[in-house]
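Please examine the sequence and the model shown here. The account after them is meant to be read alongside both.

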Amino acid sequence: MRSVFLACALIGAGGLSVHAGEADRFRLADWEVEAAVPRPPLDAVAPLSAQVFGLEAFPQSPILAEAPNADDEAPEHIQAAPIPQPTEADFAAIPDDPPSVVESGKPDPSITAERVAQQLRILLARPGGDRALQQQFNPFYATRGYEPLFVRDGVISERGQAALTRLGQAGDDGLDATAFQVALPEGARNAESVARLELALARAVALYASQASGGRTDAKRLSGYFDVSPPRIETAAALAAVARADRVAVALDAFNPPHAGFRQLRAKLIEMRGERREMTATDQTRRHALRERDLIANLERWRWLPRELGQTHIWVNSPEAHINVVRGNEVIHQTRAVVGRAETQTPVFSDSMSFIVFNPSWYVPLSIVRRSMVGPASRNGGGYFARRGIQVTQGGRQVDASTINWSSANVGRYSFRQPPGTANALGRMKFMFPNRHAIYLHDTPSRGDFGRAGRTLSNGCVRVQNPEELAEMLLNLGMPGETWTIQRIRGLYGPGERTVRFRQQIPIHLVYFTMTVDTSGALVELPDVYGHNARVRAALTGTRG
């Protein structure tokens, strides 16, 4: 009877399997992966807390939330409505489940939806059953009375066939299609084995939804600079979306990021794979396969972004070192930027810009004082701080820095501030989106760095080449109905800080993409300045991670 199941399960599954031999053919050698991973290890930051998503719909993007809702109950206290559990007597009343006597590969109307539903209920609700399986799938199937979704009359239904076909194309999405292969149940074909086939298909769909929406890697384990919460769709929500869809393939495709940048790179991946199939030289094929894996690593990072970027948003891609203001899919303003060095990286995260500070003071982080200032101050005397206009205070009172032995001083007891002025490290303004990394965009008196090709030069914050033009654009976006000009902005300059708060916050995304598609449709490859792409690529190949 196993042959019956094999024939049934393979209906409509053409293209699902990917031979291991072909996958191994293009797998990089260990030394290639090791060479691609940067050394030394990058600095780490404190662990991040996990974000919990609902089962029925995606949560509101954190970049759009202005403040937490005090009425919201903490996620760990939220309890799903209890599902009535049948008793052992209920299960004992279920009649025996006879095997099918219909010819192999043929539908058997005697294996009814009701019989399969009974067996699904046993598998998902019986006390002492597979608890992990029950917790994952019972919430969905219980709401539909355990009616099967992917099988009918003892064989895979049209909906199941459509799901298998689309899962077989997962490689085009930058995923591993072999992860979604369906394991066939053992033994005779009856309602129980068909129920197990139903669950095997449901598992494949749920896994695809999870990986397509949230990626295959744990970003926070790859680098402390990844402060992301991928919008991963959960099992019940994924199966519910497939159940109500008129076209299963469309529903599965929608689990992937909706962003134009993702779709453009996905098209390039398909194009690359078509080119590789026509190659004959082994070395050329391996180089091409490495480019494909670089592209797949970029697709993975698209899955870390919020589903909604904001109709108008700010986009800062560290490898590109540009600041773009984007409306829809159109860049409406662009300026060069200077981003963090490899040892003081600009992190990857999303937030909302809410105000601009003109004539800012620079409160020097202790990390910068320890790393860049204490040494010169120790060698050249305490006058180092005075020459740079940095005020040193202790307990709220200013002290004479030249009287302190900085080679032995406890730096943590002091505060360091550079007041507003033409020499201030933040220039005339800073663009604020308060975050735990203390990262922001700002002006700078060091204008020469913007002419460099490589602009990974800062301590992590993002320096702006044309801050007045950017401020004019953002103030008009954040304060609709007002007219902001560069002349009006210059009227705010002076000796004291001036803060202008937006009425409408503007989403901002600090991202890391080494491959993009330009307006002409050409693939643009950027340097892996922080080694993030090599790190993600290695994790996806399973060699490191």
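The paragraphs below treat strand pairing, aromatic contacts and charges over rings in turn.

The model is predicted: local features require pLDDT of at least 70 and side-chain atom pairs pLDDT 80 or more, while totals for chains, interfaces and linings use all residues. Residues are numbered from 1 along each chain as its sequence is written, and side-chain values use heavy atoms, with hydrogens and water left out.

Helices (H or I, at least four residues) and strands (E, at least two) are DSSP runs numbered from the N terminus, and two strands pair if DSSP finds at least two bridges between them. Strand 4 (residues 322–327) is largely enclosed by the rest of the structure, because five of its six residues are buried; buried denotes under 20% relative accessible area, exposed over 50% and partly exposed in between, with a 1.4 Å probe and protein chains only. Strand 3 (residues 312–317) pairs with strand 4 in the antiparallel sense through six bridges, and W315 has N324 of strand 4 as its bridge partner. Four residues separate these two strands in their hairpin, and A321 in the turn has a positive phi of about 55°. Strand 4 is also joined by six bridges to strand 5 (residues 330–340), again running antiparallel; here H322 has R336 of strand 5 as its bridge partner. The hairpin of strand 4 and strand 5 has two residues between the strands, and G328 adopts a positive phi near 65°.

Strand 11 (residues 429–432) directs M429 and F431 one way and K430 and M432 the other, and all are buried. In a regular strand the side chains alternate between the two faces of the sheet. Strand 11 runs antiparallel to strand 6 (residues 349–358), to which four bridges join it; F355 has M432 as its partner. Two bridges pair strand 11 with strand 12 (residues 441–442), also in the antiparallel sense, and K430 stands opposite H442.

The structure holds 13 aromatic pairs, counted where ring centres of Phe, Tyr or Trp (its six-membered ring) lie within 6.5 Å; planes under 30 degrees apart are stacked, over 60 edge-to-face and the rest tilted. F180 and Y208 form an edge-to-face pair, because their ring centres are 5.5 Å apart and their planes stand at 75°. This pair links distant parts of the chain, 28 residues apart: F180 lies in the loop between helix 7 (158–167) and helix 8 (191–214), and Y208 in helix 8. F180 is buried at 0% relative accessibility, and Y208 is buried at 0%. Elsewhere, ring pairs link Y384, F385, W406, Y414 and F416 into a cluster.

A charge sits over a ring if NZ of Lys or CZ of Arg is within 6 Å of the ring centre and within 35 degrees of the ring normal. The charged end of R488 sits over the ring of W484, 3.7 Å from its centre.
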